[in-house]
Amino acid sequence: MLNRLLGALALVLLLAAGAAAQDFIDLLRIRRPPPETAKPAEPPPKPMETATIAGLTVAIWMPPDAAPRPLPVIVFSHGYRGCNTQSRFLMRALAADGYVVLAPNHRDASCGKPASARGPEEPFVRPDSWTEHSYEDRRTDIATLIDTMKKQVPWSTLIDWGKLGLTGHSLGGYTVLGVAGGWAPWRRPDVKAVLALAPYCEPFARHGALDRVTAPVMYQGGTVDVGITASLRRPGGCYDKTPAPVYYVELHNAGHLAWTDLQPRFQDSVTHYALLFLDTYVKGAKPIGLRDRYGDATEVKTK
């Protein structure tokens, strides 16, 4: 009798454990649905190349040889004391998707070498003191790189310069927003889209300059990126002051380094939204999935 009871109890526990495991599997499927059809094997990514262009050290990621020519192009601006290779996971994904990716080192780059004792040009805690001259050298880097490559063979014909997108992290986000019109003297009308990853945008919000941005913008922030994301999502913040079309994606538990190679957990979600946005506004693809929650996203909104 006791053996029967123990056997029945074991069966109940086994069924309960199986149900719990299935619930967990179903939850994962809801959170990250598998593709409906298997994707064909992708060619291995090309190795990164480094070149000196107009005096700048530029990391270059090239798309597969089969990508249609001329090629769209993305210019990446790194964070304060980061470097042009800080977000290789995203650069490789963009190249695999058919973009030429150009990432210059700015003057404050320090990846792989001791940081200098020199502090920022303006205190980050005093955004009111920032002007169009704050980190103007970064704007010059972007403009010089683009203008030089437009005139150089083979870049002049290999790249479709009518399909130019910018992306940047932190101070790099400040840089690309400025080039898109956040500072009027910086504005380049040839920019088709701006992907701003945890950008330091408070100077623009304080000075009311974001209404000059004419290119579509996607902001990405994180729930534990306390110092930056609050500027994006607060009423009257950067998202609110940026003209449509503008998107905001917030990632659960993402801190300020979630957009670098140091935190692999968030790479899938970052890449997912980056490709959807840039493909829509740089390549001209249909805007499918841009409003949907995916992966680590806890909030997705647009106007």
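This is a predicted model: local features need pLDDT of at least 70, side-chain atom pairs count only at pLDDT 80 or more; totals for chains, interfaces and linings use all residues.
Numbering runs from 1 along each chain as its sequence is written, and side-chain values use heavy atoms, with hydrogens and water left out.

So, that bridge belongs to a strand pair: β6 (residues 191–197) and β7 (residues 217–222) run in the parallel sense, over four bridges. Strands here are DSSP runs of E, at least two residues, and helices are runs of H or I, at least four, numbered from the N terminus. Two strands pair if DSSP finds at least two bridges between them.

Now zoom out. The open sheet has nine strands with mixed pairing, in the order β1-β2-β4-β3-β5-β6-β7-β8-β9. At the edges sit β1 (49–53) and β9 (297–302), each pairing on one side only. On average, neighbouring strands are turned by 20 degrees against each other, direction ignored.

What does helix α5 touch on the sheet? Spanning residues 171–182, α5 touches β3 (71–77), β5 (159–169), β6 and β7, and its direction makes about 140 degrees with that of β5. Contact, by the way, means heavy atoms within 4.5 Å. Angles run from 0 to 180 degrees between N-to-C directions, with axes fitted to C-alpha atoms, for helices over the stretch in contact.

Let's look inside β5, where we find T167. Is T167 buried or exposed? Buried, with a relative accessible area of 0%; the cut-offs are under 20% for buried, over 50% for exposed and partly exposed in between, using a 1.4 Å probe and protein chains only. Leaving aside residues up to four places away in sequence, T167 touches I74, V75, F76, S77, V176, L195 and L197.

Last stop, the helix pair. α2 (residues 88–96) packs against α9 (residues 267–283) at about 40 degrees, axes 10 Å apart. That makes α2 oblique to α9; under 35 degrees would be roughly parallel, over 145 roughly antiparallel, 65 to 115 roughly perpendicular, and the rest is oblique. From α2, the residues F89, L90, A93 and L94 meet Q267, V270, T271, A274, L275 and L278 of α9. Buried residues of α9 include V270, T271, A274, L275 and L278. Finally, just after α9, G284 takes a positive phi of about 85 degrees.
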